[in-house]
Amino acid sequence: MTEKIARVVVDVPASNIDRFFDYLIPDHLLGALEVGMRVIVPFGNRTIMGYVLHTVNETTLDESRLKAIKATLDVQPVLTKELIDLGQWLAESTMSFFISSFQAMLPQALKATYDKSLHRLEEPKNQQLADLFDGRDYIAFDELSEHIPLRVINEEIKEKTVEWDYHVTTNESYKFVQMVEVVGTEAEFDAYLAELTKQSKKQFELVQYFLDHPATQPLKQVLSENQTTRNTLNKLKDHQLIRLVKQQVNRDPYQGQTEKTIPLTLAPQQQAALDAIVSKMDQNLPDTFLLHGVTGSGKTEVYLQAIDHAIKQGKEAIVLVPEISLTPMMVERFKRRFGDAVAVLHSALSKGERFDEWRKIQKKQVSVAVGARSAIFAPFENLGMIIIDEEHESTYKQEDHPRYHVRDVAKKRAIYHACPVVLGTATPTLETYARAKKGVYHLIEMPERINQSVMPKVTIQDMREELHQGNRTMFSRQLKEAIQQRIDKQEQVVLFLNRRGYSTFVMCRDCGHTVECPDCDISLTYHQRDHRLKCHYCNYSEPMPKVCPNCESESIRFFGTGTEKVEEALNETFPEARIIRMDVDTTRKKGAHERLLKQFGKKQADILLGTQMIAKGLDFPDVTLVGVLAADGLLNLPDFRAAEKTFQLLTQVSGRAGRHELTGEVIIQTYTPEHYSVLFAKEYDYHGFFKQEMTLRKAYQYPPYYFLTLITVTHENRLKAEEVTRVIQKLLNKHLTEQAIILGPTPSPIERIKGRYRFQCMVKYKDEPDLMTVLRKILKHYEAESNKNQLMIHIDLNPQQLM
Ligand SMILES: Nc1ncnc2c1ncn2[C@@H]1O[C@H](COP(=O)(O)OP(=O)(O)OP(=O)(O)O)[C@@H](O)[C@H]1O
Ligand SMILES: [Zn+2]
Ligand SMILES: [Zn+2]
């Protein structure tokens with residue numbers, strides 16, 4: 001590359017800096033610097049990180065005034081040309097900053113951190129400061145701020161005795177292991193042996209060992225095989241018979257996987273699906289498929305064989321799974337089929353592990369990336385296919401800048417690579433199924449389970465009725481009996497508790513007072529482990545009160561059902577049952593998910609009790625009963641998708657039973673047995689549910705009939721938040737077409753979070769070509785106030801959460 005000017009996006013997420021800056025490429029970097037690399041550049045009086053997006057020979061600015069790039073952080077670009085374009089598109093289509101978009105595409109470890117320190121140029125005039133330097137040239141900001149007032153520093157800077165120095169560090173770290181290399185000749189070992197006294201038995205053994213094992217091997221292995229210590233080994237090192245060397249290795253979070261699986265003979269419906277997908281792949285067509293297959297219909301095997309086809313063509317594949325730590329079984333199936341050709345990217349890995357997995361993709365050491373949302377940015381350059389499993393999951397939408405939906409990014413990448421996208425699920429979102437019905441997506445239906453196994457029979461238990469009959473426990477009589485039967489027959493049970501919207505809040509039975517977070521508008525949740533009340537939004541916590549803060553009554557209790565409480569109740573009711581509980585508390589440790597599921601798989605427990613995280617991806621042959629303890633939790637959320645989410649969840653959970661030879665049974669407990677989402681889920685009637693829900697969406701003007709945009713305004717002052725929202729609502733009214741429906745301002749369902757009041761304005765529309773322009777103008781108008789951070793305006797195009 002011979003251009004001499006680089007266009008850089010700098011690491012400052014602020015609206016007035018959200019553009020390219022031109023920098024001179026210094027001589028020593030000419031020819032070495034490439035587009036897509038990270039660089040260190042001077043910016044104002046600071047030094048920061050940036051990405052080189054273009055190189056050019058001409059600038060519209062005065063070239064003599066351009067600053068030069070200080071250094072590059074990479075020897076190989078971290079962003080491909082495709083990703084550079086994608087990042088810009090992402091920023092524009094989600095109304096985010098360029099820098100936030102690029103950061104979102106790269107692993108955490110590549111982000112920069114900044115240290116600020118004071119650099120001494122000559123002896124400071126201020127004695128206190130001079131003393132603090134004490135012969136040093138730099139003082140870290142933290143140390144400085146403890147001792148010297150900022151005013152003094154500013155004066156010294158004016159005198160040019162000192163200057164601020166900014167140091168950029170990035171966090172990519174490589175893992176090294178100590179290796180033992182044998183360097184002594186046989187003769188030298190013999191000479192050493194001759195020197196040894198009779199007491200040095202261990203040394204004799206070690207010499208013998210190295211003569212037998214001359215190859216370089218890990219230190220850890222040498223020590224463990226010889227049952228010896230570093231000290232003992234050091235004697236050989238001192239005699240220059242061995243040497244310790246560092247070797248860089250990839251951290252491998254999936255070490256020691258079991259043997260490989262081979263492709264299964266496909267059932268006819270699977271074969272048809274595979275043929276359709278492979279044919280588009282071979283024709284290089286960026287078409288989107290909806291693979292609508294009931295739970296247990298063998299979708300995963302279709303993915304595996306389609307990927308196999310891609311690999312054989314020398315192409316690569318991306319597989320997206322909801323939240324990967326929740327679906328370890330899924331990951332394992334890919335690992336076992338493709339072994340080392342798979343990189344796994346997800347949040348349960350350490351920063352370093354994730355970086356190593358990402359680098360495998362960058363270095364073309366793998367051809368498959370399996371991961372959660374951000375894996376859609378895997379830097380492959382020859383994609384053959386993108387798969388989004390469980391496409392209905394809300395985790396595919398990022399709820400923070402850039403607010404993108406993985407489906408949109410996938411379609412964009414598919415066009416670039418001319419490859420198909422496969423959306424797979426048993427419960428498509430209404431948006432997706434409507435598109436498939438219109439022919440925008442190719443619809444593939446897989447209505448049968450593998451091996452003709454039937455969908456488990458679902459019964460609904462009306463918990464109000466149970467109460468009338470005097471049953472005050474959390475298990476209906478039928479569920480209790482069914483669990484007991486499974487324990488007796490040594491079959492297994494999965495019990496699902498919907499945590500969201502059904503958490504354990506504290507209420508006084510005398511006065512009805514509930515304990516709420518002082519900063520957010522929601523009840524605190526009781527945590528048994530440390531006997532404290534916590535806020536799920538801001539981390540506020542306080543001890544569980546002994547008496548009601550309102551009336552001092554002692555009858556203050558927690559309500560609702562947490563997994564811990566259910567576990568207690570299970571222990572009481574079925575003392576002989578072995579229970580595995582899976583929730584945020586028991587799975588906090590790394591690898592805990594996998595470990596607990598493995599235990600259950602080995603039948604070391606009778607009952608698996610858990611929250612959302614056990615709803616999908618589980619495939620255990622001996623599970624014959626699935627119980628849903630409280631189906632209504634989601635129904636009560638203030639969200640137009642509440643029914644859809646309930647239907648999806650119930651269908652997914654039910655799908656965990658009877659997947660192999662044994663027939664399954666599902667029992668759903670609910671307080672609203674007449675709700676259509678419960679009734680259609682009972683019949684596994686997706687099409688019936690779709691029809692009914694579409695009618696409602698049409699009547700109430702929601703997606704997929706209308707697009708939504710949600711604008712949320714937050715401010716510490718309630719009036720201010722409401723007023724700004726009102727102004728925005730008026731502006732939208734004025735500038736959009738007559739057809740647009742503009743609602744608000746209304747308080748958000750959670751009116752206050754972290755001490756900030758929240759108001760929202762919702763736009764429903766079919767076609768508003770000017771919407772983005774108007775929204776940009778609004779943001780621009782409030783730019784100054786937003787940059788000072790008093791006012792915040794969030795714009796969410798196609799929101800998934802309305803809270
Ligand atoms: N062609 C086949 N022959 C035999 N067994 C198969 C075949 N395809 C899939 N299976 C097995 O059937 C079970 C269900 O398949 P799979 O998990 O792929 O379904 P799925 O549609 O992905 O399910 P879910 O959406 O419920 O997770 C698995 O145990 C799988 O190994
Ligand atoms: Zn709070
Ligand atoms: Zn009270």
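Me: Where does Cys520 sit in this predicted model?
Reply: Look at the loop that runs between strand 21 (506-508) and strand 22 (525-527); that's the place of Cys520.

Me: What makes Cys520 count as buried?
Reply: The cut-off is 20 or more other C-beta atoms within 10 Å. Cys520 has 21 within that distance, so it's buried.

Me: Which residues does UniProt list under "binding site"?
Reply: The unreviewed entry gives Cys517, Cys520, Cys535 and Cys538. Bear in mind that such annotations may be inferred rather than shown by experiment.

Me: Which residues come nearest to ligand 1, and how many are around it?
Reply: There are 19 around it, and Thr295, Gly298, Lys299, Thr300 and Glu301 come nearest. Helix 11 (residues 299-312) gives the largest share of that shell, with three residues.

Me: What is the make-up of the shell around ligand 1 by class?
Reply: You get ten polar residues, five nonpolar and four charged.

Me: Why is helix 2 called mostly covered?
Reply: Helix 2 (residues 98-105) has eight residues, and seven of them are buried. Those are Phe98, Ile99, Ser101, Phe102, Gln103, Ala104 and Met105.

Me: And what do the buried residues of helix 2 pack against?
Reply: Their partners are strand 1 (5-10), strand 4 (46-56) and helix 1 (81-94).

Key:
Residues numbered from 1 in each chain as written. Chains lettered and ligands numbered in written order. Predicted model: local features only at pLDDT ≥ 70, side-chain atom pairs only at ≥ 80, totals over all residues. Near = placed C-beta within 6 Å. Helix = DSSP H or I, 4+ residues; strand = E, 2+ residues; numbered from the N terminus. Nonpolar A, V, L, I, M, F, W, Y, C, P; charged D, E, K, R; others polar. Buried ≥ 20, exposed ≤ 12 C-beta atoms within 10 Å, placed from the backbone. Contact = placed C-beta atoms within 7 Å.
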